[in-house]
Amino acid sequence: MTTGESAPLLEEKSAPARPGGNEIRWGRWISASAVVTFVALFVVVSRTALDPRVANPNTEGRPRPVEYLFGVDNWMLWVQLGTALLLVQLIVIFVIGWRRNPGSPIMLMFLCTTLIVWQDPIMNWAPFAVYNPDLLHWPESWPLIMMSPTVEPFIVFGYVTFYFGPYFVAVWVLRKLQAKRDPEAFVWRHPLISLALLILVIGFVFDAALEIGSIRTGMYIYSQVIPFGSIFVGTPFQFPLIWESFAVTFVMVPAGVLVYRDDTGKSVAEKLAAKARLFPRKPVLGTFLVMFAIINVAYFAYGAWFAAIKASGLATSVACPWPYPEAKVYDPQGYYEKEGVAGPYSVGKWATWQSGVPNGRPDVDAPPPGEGRCAPENANG
């Protein structure tokens, strides 16, 4: 690969007219109909009530034993309003970008990093990511959705800004570095490696800042983490810094590299699709499929990373106090009970060998009432 790079979203030159314009127009109508149908479905089925499988029948109301950022109690309302506005903006950006340059690799990656949310319930299961039941969410009894430890909220549809956003900062930095150096410099000779390293660093910092802030608002918790490499260990704000902020770059890096254009004007994804002879008469479709396959594999790698941690039993630090008393304590490995947290407990799905407990949740010798780090008398939020 040589010196070029992807142009910013709104600076890409309009592509020449392509054959099959009617197909593109049909695609727009189908896409618009799909979005409207999807939104309507969510409006109809979403709820904040909890399914009996998840709900704690011994708790009335939704007490919160934790004080959140700035002492604000209704963060979830503002988070969801902000997400809804963000999604509207993202749709507008996508429509404008696609109309200006149909088939743009950036727009295709925009779609890919949105559509990978189909995996999100699994990716909540793997790292013990427990979402606040106050969030509007899908029915917990639905297939796949039930993989989430508590609920699967709609806010994850803003993933494009999370997984693809660091690319735009990284490619801007890369351009600046190239402008200051001669053509024999590393950033010119190895632009893809340079871009990948920049995304790794920028993505790590971006993820840490975004997730620590989100956890502080009460949006979700990591109910169990490895003490080493984590911060705020043992509190509801614990965060597996090294493990999570590094792992998310498994998706961020390929997302950025795949849209990078060389001096031929072709992106890496377009070249891979052409080399694979994938739908040669429909290059946009071929490019999209290459992106979608690679990004999904990358996201699976993220999940496998945390699944291995989960099965190892090394994530021994539990978030105390349990911040969502209206939901059963998610405790597939018994660590909460060991620390004195009262039940009832939930093991969720994939709670045997997938979670490192082939015989199911182990029998636990709980400490006497009032003892244990997470007993109500001892836990501090």
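I began with proline 321, which I found in the loop between strand 4 (317-318) and strand 5 (329-330), where strands (E, at least two residues) and helices (H or I, at least four) are DSSP runs numbered from the N terminus. The peptide bond joining cysteine 320 to proline 321 is cis, with an omega of about -5°.

I noted that this is a predicted model, in which local features need pLDDT of at least 70 and side-chain atom pairs count only at pLDDT 80 or more, while totals for chains, interfaces and linings use all residues. Residues are numbered from 1 along each chain as its sequence is written, and side-chain values use heavy atoms, with hydrogens and water left out.

I then checked the confidence, pLDDT being the predictor's confidence in each residue, from 0 to 100. The protein averages 89, and 91% of the residues score at least 70. Over residues 1-21, however, pLDDT stays under 50, and where pLDDT is low, the predicted coordinates should not be read in detail.

Next I turned to helix 11 (residues 268-275) and helix 12 (residues 283-312), which pack at an angle of about 105° with their axes 8 Å apart; axes are lines fitted to C-alpha atoms, for helices over the stretch in contact, and angles run from 0 to 180 degrees between N-to-C directions. Helix 11 is therefore roughly perpendicular to helix 12, given that angles under 35 degrees count as roughly parallel, over 145 as roughly antiparallel, 65 to 115 as roughly perpendicular and the rest as oblique. Helix 11 brings Ala269, Glu270, Leu272 and Ala273 to the contact (heavy atoms within 4.5 Å), and helix 12 brings Gly286, Thr287, Val290, Met291 and Ile294.

In the loop between these two helices I found arginine 277, which has a positive phi of about 55° although it is not a glycine. Just after helix 12, glycine 313 takes a positive phi of about 80°.

Last, I examined helix 6 (residues 165-179) and helix 8 (residues 191-216), whose axes come within 8 Å and cross at roughly 130°, so that the two helices are oblique to each other.
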